[in-house]
Amino acid sequence: MNYTSTRDSSVKVSAAYAIATGISPDGGLYVPENIPELTYDELLAMTKAGYKERAVSVLGKYLTDFTEEELRECVDGAYTGKFGGEDIAPVVDIADNRFVLELWHGPTCAFKDMALQLLPHLLTRSVKKTCDGKEIVILVATSGDTGKAALEGFKDVPGTRIIVFYPVEGVSAIQKRQMVTQEGGNVGVCAINGNFDDAQTGVKKIFTNPEIAAELAKHNMAFSSANSINWGRLAPQIVYYISAYADLMNKGVIKNRGEKVNVVVPTGNFGNILAAYYAKKMGLPIGKLICASNSNNVLTDFIRTGVYDRNRKFYTTISPSMDILISSNLERLIYDLSGCDSARVKGWMDSLAATGRYEVDEDVKAKISELFWAGCCDDACTQDTIKDVFVNEEYLSDTHTAVALNVYEQYASAFGRDVPTIIASTASPYKFAPAVLGAIAQDKVSEDEFDMLAALNSVSGMEIPSPLAGLKGKEVRFDRVCDGCEMKETVLDMLGIAE
Ligand SMILES: *Cc1c(COP(=O)(O)O)cnc(C)c1O
């Protein structure tokens, strides 16, 4: 299977090339030329397989230039022993036809691990297949969770370097602590003055700047991306929706062939929900894709109106990994829904870059409203939901997951609860302990982030994940801060190749 660019249909590259290079030189995102099919027989076979086998079988459909053995090695390396047991992505029944898909049992306690534990394995093999010998420089812009998950995935991976930029005011205390204490000889971390969009825009500019590429080439280095624009991030995410459906078949929740589930995803960059869209397009019986946003509700408006407009107030919320006004992966969706019309997509993206706004055509709008439903919820409602679900279902959710739970309630009050619904849970509640504690035991909120982990443990009885408990004694290794316009110099400096 070949991959093309959302902005130039003449592009044709292998999966390995798409993964090794991250983004197409025209600024577009790599997409598979067609979406492979998942048959009912394959789905039935999945019910008898474990997560890793399911992953090998789904990935094999997309990464056709990898052998099954290579994929098996990648999947084993990513998931064996790192997700606290055999159930890599467990589905938890919290009553009323709601099934929480817990994606945060990996080493950094957020769903980004699902892809970022696998990506280094895919990427190093991809580099061998395509541009052997070069040292790969991974640049990451993070709203909090990607950065740490990427650092953890790539630390001390031979032939790679990784540099992470995070917005100085935009991440939680725990997220920041996780990143600035990162171990490993090939890692670098820098805060930037600005928000996530500034960091992401800066990273994209560096990627597509030919002078910087030439500078790296002189030192036998090449950029790649671990952001969710990299196809190697997206493909692993398709797996867990299919896996969750197979689990629901096993639990007897899904009884009949083709019986539909709805899927709710707390959304930021649109990567996670896009993976669910691809799963549906492959043939997984998904009814509605429900897109949940926090107060940065640019996607809610887009799905309801077809107008994408980032010219609005930016809110710093208690679900910071969704504080995003430019959802990069949406480009892949509108590419697909426009009938793979790269000229139209390029027009919309040019308009987004120039004016911060674009409006899709009626044909695309119609498809969006058939496939998706969208809602949003602010911080107060998020905390109310954490409390309600904790009190009523004895289930503790993090702030991002709570946004999804809240938006699902909005959907259910309009359309009912008859359809079993998978709710993507994207982080451990401990990762956002102050806000979660504030929701269920306001009097226990304190100044010290580690005291709050202990307090949350005593109130909820839920175990503190060991990677978070272990942060306390770790040394701070990275305290650098720069402006958006200094990112290029910072990168060259951190690589030790500044002039
Ligand atoms: C990244 C992230 C999201 C948003 O996922 P997208 O793929 O960017 O839409 C939601 N919740 C958490 C905890 C995250 O880390």
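Mentor: We start with helix α7, whose buried residues are D145, T146, G147, K148, A149, A150, L151, G153 and F154. Keep in mind that this is a predicted model.

Trainee: Why is helix α7 described as largely enclosed by the rest of the structure?

Mentor: Buried means under 20% relative accessible area. Helix α7 covers residues 145-154, which makes 10 residues. It is largely enclosed because the number of its residues that are buried is nine.

Trainee: Which residue just after α7 takes a positive phi?

Mentor: Most residues other than glycine have a negative phi. Just after α7, a phi of about 60° is found, and the residue that takes this positive value is D156.

Trainee: How many residues of helix α14 are buried?

Mentor: Helix α14 spans residues 330-337. Its buried residues are L330, E331, R332, L333, I334, Y335, D336 and L337.

Trainee: Where do A95 and N97 lie?

Mentor: Phi of A95 is near 80°, and phi of N97 is near 65°. Each is a positive value in a residue other than glycine. Strand β4 covers 91-93 and β5 covers 98-102. A95 and N97 are both found in the loop between β4 and β5.

Trainee: Are A95 and N97 buried or partly exposed?

Mentor: Buried would need a relative accessible area under 20%, and exposed would need over 50%. A95 has 33% relative accessibility, and N97 has 24%. Both values lie between the cut-offs, so A95 and N97 count as partly exposed.

Trainee: Is F165 buried or exposed?

Mentor: F165 lies in strand β7, which runs over residues 160-167. Its relative accessibility is 0%, so F165 counts as buried.

Trainee: How far apart in space are F165 and V203?

Mentor: Along the sequence, F165 and V203 are 38 residues apart. In space, C-alpha to C-alpha, the distance is 8.4 Å.

Trainee: What separates the C-alpha atoms of Q200 and P167?

Mentor: Q200 lies in helix α9, residues 196-207. At 7% relative accessibility, Q200 counts as buried. Q200 and P167 are 33 residues apart along the chain, and their C-alpha atoms are separated by 9.7 Å.

Trainee: Which residues are closest to the ligand?

Mentor: The ligand is surrounded by 15 residues. This shell divides into five nonpolar, eight polar and two charged residues. The closest are K112, D145, G268, N269 and T426.

Trainee: How much of the area that the ligand exposes alone does the protein bury?

Mentor: Taken alone, the ligand exposes 380 Å². The space taken by the ligand is the largest cavity. Of the area exposed by the ligand alone, the protein buries 97%.

Conventions
Residues numbered from 1 in each chain as written. Predicted model: local features only at pLDDT ≥ 70, side-chain atom pairs only at ≥ 80, totals over all residues. Heavy atoms only, no water. Near = heavy atom within 4 Å. Areas by Shrake-Rupley, 256 points an atom, 1.4 Å probe, with all protein chains shown as cover. 1 Å grid on protein atoms, 1.4 Å probe; cavity = no way out; pocket = protein on both sides within 12 Å on 5 of 7 lines; lining within 4 Å. Sits in = over half its atoms within 2 Å of the grid points. Nonpolar A, V, L, I, M, F, W, Y, C, P; charged D, E, K, R; others polar. Helix = DSSP H or I, 4+ residues; strand = E, 2+ residues; numbered from the N terminus. Buried < 20%, exposed > 50% of the residue type's maximum accessible area, 1.4 Å probe, protein only.
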